[in-house]
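Hi everyone, thanks for making time. I'll walk through one model today, starting with the overall picture and then going inside.

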Amino acid sequence: MHRRSVAVALALIGLLLTAMTASASLGQTYIAPADVWHTLRTGTGPYDLVVGELRVPRIALGALLGAALGLAGALIQTVTRNPLASPDVIGVGHGAAAATVLALSTGVVSSPGALPAVSVVGGLLAAALVYVLAWRRGMQASRFVLTGVGIGVALSAVVQLYLTDSELEAAEQVKLWLTGSLNGRGWEQAAPLTVVLLLCLPALVWASRAARPLGLDPDTAAALGVRVDRARLGLTVLGVVLAATATGAAGPIGFVALTSPQLARRLTRTPQLPLLCSALTGAVVLVAADLAARTLLPPLEIPVGALTSLVGGPYLLWLLGRRGAVR
């Protein structure tokens, strides 16, 4: 067991609890942390509505979303061996968004609880299309990423086309969903995501072991007895399911899946991307971003997806410049 990874994981858990407590306390109505814990323990008190029904479900959903996106980003970047790859960059998020938007705009889905299932189907179909088009007697990471970017652009065009042809009310609903926001969301969206994460736990245990040899050269990994293509396919499917379910719960939230694994890797200083620390980093990032989105310009609430994209854009430019300087 990597000691530094354990220490980082414990520190991230403490930071996550601090961010969750701060998010439950801060807002238009300030609530002391002691009153927050009292309300959570007893379920009664003057702040039961604000804490128990408005803030805590939103915080729990944000932590689950961040963990799912952090895991998805780590899995996709492990497969591609590229820090620029993530579900929202290679088209998976666009596929989930396109499927969800089509379902909402056409009236096929009327229950919000069914949106995660629709997003998973859309994400899987987009990932399958990218995988098939990028396959040329093997999977090359750069071709996989570029194919995903192209598919993502095409799916974005489909979404925009439906927005222009939709009624004003339906278009506004879809546009609100596309911004990626936790406003008005809670246990109803968190429950399906929790189920998916629990069902994926055995696969994540396998993924933590399968990801280690994939950090090596493909020929070296194959010489060690690893079925490289099967391992890559399994990791990709797992990452797509996590990212697509997260997208269905709150809409596309950009750059969390891109930045969290790289931040976790720099903290742990491990040769491969740490899955647990990536999940914890994603949870910390998203909970903190949602807190900033709620309190930065009161009483206006900025969609958390807009805030993460605003911060993630410069990070992507820095990462591109850093890779160019290394070359």
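So, one term before anything else: I call a residue buried under 20% relative accessible area, exposed over 50%, and partly exposed in between, using a 1.4 Å probe and protein chains only. With that in hand, 49% of the 327 residues of the protein chain count as buried.

Some housekeeping. This is a predicted model, so please keep in mind that local features need pLDDT of at least 70, side-chain atom pairs count only at pLDDT 80 or more, and totals for chains, interfaces and linings use all residues. Residues are numbered from 1 along each chain as its sequence is written, and side-chain values use heavy atoms, with hydrogens and water left out.

On to the fold. The protein chain has 13 helices and zero strands. Contact, for me, means heavy atoms within 4.5 Å. Take the contacts in the protein chain with a separation of 6 or more: 75% of them come from residues 24 or more positions apart.

Now the inside. A nonpolar core is a set of buried Ala, Val, Leu, Ile, Met, Phe, Trp, Tyr and Cys residues joined through side-chain atoms within 4.5 Å. The largest one has 53 residues, and L65, L75, L242 and I253 have the most contacts inside it. Several helices supply at least two residues each, among them helix 3 (48–80), helix 8 (187–214), helix 10 (228–250) and helix 12 (275–295). If you zoom in on L65 and leave aside its neighbours within four places in sequence, L65 is in contact with L182, L193, A246, A249, A250, I253 and L286. There's also a second, separate core of eight residues, which includes A97, A98, L163 and V174.

What about charges? I count a salt bridge when a side-chain nitrogen of Lys or Arg is within 4 Å of a carboxyl oxygen of Asp or Glu. By that rule we get two. In one of them, R58 meets D290 at 2.9 Å, N to O. R58 sits in helix 3 and D290 in helix 12, so this pair ties together parts that are 232 residues apart in sequence. Both of these residues, R58 and D290, are buried.

R58 also pairs with E301, at 3.1 Å, N to O. E301 is in the loop between helix 12 and helix 13, so here the tied parts are 243 residues apart in sequence. R58 has a relative accessible area of 8%, whereas E301 is partly exposed at 30%. Put together, R58, D290 and E301 are linked in a network of salt bridges.

How many disulfides, with the rule being a pair of cysteine sulfur atoms within 2.5 Å? The count comes to zero. As for individual cysteines, C200 is buried at 9% relative accessibility, and C277 is buried at 2%.

Accessible areas come from the Shrake-Rupley method with a 1.4 Å probe, and for residues only the protein chains shown count as cover. The accessible surface of the protein chain comes to about 15,700 Å², with 66% belonging to carbon and sulfur atoms.

Methods
Helix = DSSP H or I, 4+ residues; strand = E, 2+ residues; numbered from the N terminus. Disulfide = S-S within 2.5 Å.
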